[in-house]
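Grab a pencil and open the structure in your viewer. Below are some exercises, each with a solution worked out step by step.

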Amino acid sequence: MNTTQEHSLKKIKLVIFQYSMASWGGAENIIWKVGSFLQKTGMYDITVVGMVNEQPSFETHMQAIGIRTYCLGINDKKSILLQLGKLWHLNKILKEIKPDILFNVLFPSIFAGGIIGKLSSVPHIIGNIHGPALFKKKIAVLLDRLVSPIYEGYITVAPHIKEQFTTREKLPASKIQVIPNGLEIKALDAHYNRDNFRNALGITQTDIVIGTIGRIYPEKNQKYLVDIGSHLVKQLPYLKLLIVGDGPKFNELKTYIKEKGMEQYCVLPGWQTTTTGYLKAM
């Protein structure tokens with residue numbers, strides 16, 4: 001390849017704007033995996049901007065592979081209107097980088113990023129809608145609907161979420177592309193032994209295991225699984241609930257489990273980098 005050809009292969013400048021870079025978030029994990037894959041292709045110049053500072057995060061991991069990161073330092077969703085100066089810093093970042101694509105992930109990044117991206121003259125603005133966000137407030141629905149004309153398109157992970165956003169937010173169906181989440185399932189270690197793995201978690205060979213993997217957050221509703229388990233243990237005394245994950249509601253969930261008298265039936269190993277062994281244990 002000559003010098004002229006090398007210069008013609010200009011990298012695509014991609015800015016990803018999301019709520020946080022927390023390593024315990026499901027959407028954040030997908031963005032990290034997709035971002036790291038795109039970075040390895042050598043075709044993209046990637047910058048990830050987080051709205052709030054939630055720890056632990058993927059920030060150092062991203063920086064280690066050449067992805068630039070910024071955190072606007074906003075406290076939380078409720079205080080955004082009181083910290084518009086911090087939010088407006090996104091405009092400065094976009095003006096400096098001059099991205100080809102701005103990819104805004106979930107609310108409120110879709111609303112704020114859409115407006116700021118438009119004012120910053122970003123040529124292509126794409127949104128990621130997830131959910132279907134059953135607890136989404138009416139004002140959030142209205143704001144997402146308001147900025148929809150700004151967007152060239154949206155990506156979602158399932159047909160029913162597309163249907164939800166076309167009926168509730170009134171987003172044009174023609175703008176929404178369904179791309180299912182893809183997970184790189186790592187093979188189990190050659191020395192993996194299901195019984196030993198379960199024993200290490202305090203689960204015996206005869207226990208019946210029902211499990212879930214995900215961020216400990218109201219939308220995931222792990223409390224409901226605990227409620228179900230409290231009824232099932234009356235008929236299934238060897239039941240174990242394996243709840244894998246971490247998040248802002250982790251301690252609250254532990255308190256709830258104690259209040260329901262379910263401590264002996266619940267196993268909470270916390271956040272895990274690989275989950276194949278836990279799936280196999282269920």
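**Exercise 1. Find out which side chain meets Lys-223 in a salt bridge, and where the two partners sit.**

Solution. Step one: the partner of Lys-223 is Glu-252, at 2.9 Å from N to O. That passes the rule for a salt bridge (a side-chain nitrogen of Lys or Arg within 4 Å of a carboxyl oxygen of Asp or Glu). Step two: Lys-223 belongs to helix α9 (residues 222-232) and Glu-252 to helix α10 (residues 250-259), so this pair links distant parts of the chain, 29 residues apart. Helices here are DSSP runs of H or I with at least four residues, strands are runs of E with at least two, and both are numbered from the N terminus.

Before going on, a word on the ground rules. This is a predicted model, where local features need pLDDT of at least 70, side-chain atom pairs count only at pLDDT 80 or more, and totals for chains, interfaces and linings use all residues. Residues are numbered from 1 along each chain as its sequence is written, and side-chain values use heavy atoms, leaving out hydrogens and water.

Step three: check the cover. Buried means under 20% relative accessible area, exposed over 50%, and partly exposed in between (1.4 Å probe, protein chains only). Lys-223 is partly exposed at 30%, and Glu-252 is partly exposed at 39%.

**Exercise 2. Look at Asp-227 and Lys-260: which parts does this pair tie together?**

Solution. Their side chains meet in a salt bridge of 3.5 Å, N to O. Asp-227 is in helix α9 and Lys-260 in the loop between α10 and β10 (266-270), so parts 33 residues apart in sequence are tied together. Asp-227 has a relative accessible area of 22%, partly exposed, and Lys-260, at 37%, is partly exposed too.

**Exercise 3. Sort the residues of α10 into buried and exposed, and say why the buried ones line one face.**

Solution. The buried ones are Phe-250, Leu-253, Tyr-256 and Ile-257. Seen down the helix axis, they fall within an arc of 120° (taken from the directions from the axis to the C-beta atoms), so they line one face of α10. As a reminder, an α-helix has 3.6 residues a turn, so residues three or four places apart point the same way. The face turned away from the buried side carries the exposed Asn-251, Lys-258 and Glu-259. What covers the buried residues includes α9, β9 (239-244) and β10. Just after α10, Gly-261 takes a positive phi of about 70°.

Key. Contact = heavy atoms within 4.5 Å.
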